[in-house]
Amino acid sequence: MNDELLYVFLDKEVQIRHVTFVHGKGSRKTVWQRLHERAEQLYDKRKEYEMHLEIMGEHNSYSKTDHDATFMRMKEDHMRTG
């Protein structure tokens, strides 16, 4: 099932069932709260991945500070001849 559809379904189900979300030490989360939070995490992570893929475009990677930068790595010369 699509992450967004699952998140929307669980959000509506939580509202229908009037589930109160608990936080902090000493309180147990309901099954609905755990499912809702997990679906929210998956949805947010999917959006993050899509953003990274959009930034990368056709490249294999990208720089976090300069999206247009290209990478060039020099091999270390152990003999110090060049």
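The questions below treat the fold, the helices, their packing and the charged pairs in turn.

This is a predicted model, in which local features need pLDDT of at least 70 and side-chain atom pairs count only at pLDDT 80 or more, while totals for chains, interfaces and linings use all residues. Residues are numbered from 1 along each chain as its sequence is written, and side-chain values use heavy atoms, with hydrogens and water left out.

Q: How many helices and strands are there in the protein?
A: Helices (H or I, at least four residues) and strands (E, at least two) are taken as DSSP runs, numbered from the N terminus. On that basis, the protein has two helices and zero strands.

Q: What percentage of the residues of the protein count as buried?
A: Buried means under 20% relative accessible area, exposed over 50%, and partly exposed in between, with a 1.4 Å probe and protein chains only. Among the 82 residues of the protein, the buried share is 17%.

Q: What distance should H1 span, and how far apart are its end C-alpha atoms?
A: The expected span of a helix is 1.5 Å times one less than its number of residues. H1 has 14 residues and should therefore span 20 Å, which agrees with the separation of its end C-alpha atoms, 20 Å.

Q: What distance should H2 span, and how far apart are its end C-alpha atoms?
A: H2 has 26 residues, counted at 1.5 Å a residue. The helix should therefore span 38 Å, and its end C-alpha atoms agree, being separated by 38 Å.

Q: Over what arc around the axis do the buried residues of H1 lie?
A: The buried residues of H1 are Asp3, Tyr7, Leu10, Glu13 and Val14. They fall on the same side of H1 because the arc that they cover around the axis is only 130 degrees. The arc is that of the directions from the helix axis to the C-beta atoms.

Q: Which exposed residues does the face of H1 turned away from its buried side carry?
A: This face is turned away from the buried side of H1. Its exposed residues are Leu5, Lys12, Gln15 and Ile16.

Q: Against what do the buried residues of H1 pack?
A: In H2, the buried residues are Gln33, His36, Glu37, Ala39, Tyr43 and Met56, and their cover includes H1. Contact means heavy atoms within 4.5 Å. The buried residues of H1, in turn, pack against H2.

Q: Which residues form the aromatic pair?
A: Rings of Phe, Tyr and Trp (its six-membered ring) pair if their centres lie within 6.5 Å; planes under 30 degrees apart count as stacked, over 60 as edge-to-face and the rest as tilted. The structure holds one such pair, which is stacked, at 5.5 Å centre to centre and 5 degrees between the planes. The pair links helix H1 (residues 3–16) to helix H2 (residues 31–56), with its members 36 residues apart. These members are Tyr7 and Tyr43.

Q: How many salt bridges are there?
A: A salt bridge is a side-chain nitrogen of Lys or Arg within 4 Å of a carboxyl oxygen of Asp or Glu. One of them joins Lys45 and Glu48, at 3.7 Å, and another joins Glu50 and Lys47, at 3.8 Å. The count comes to four.
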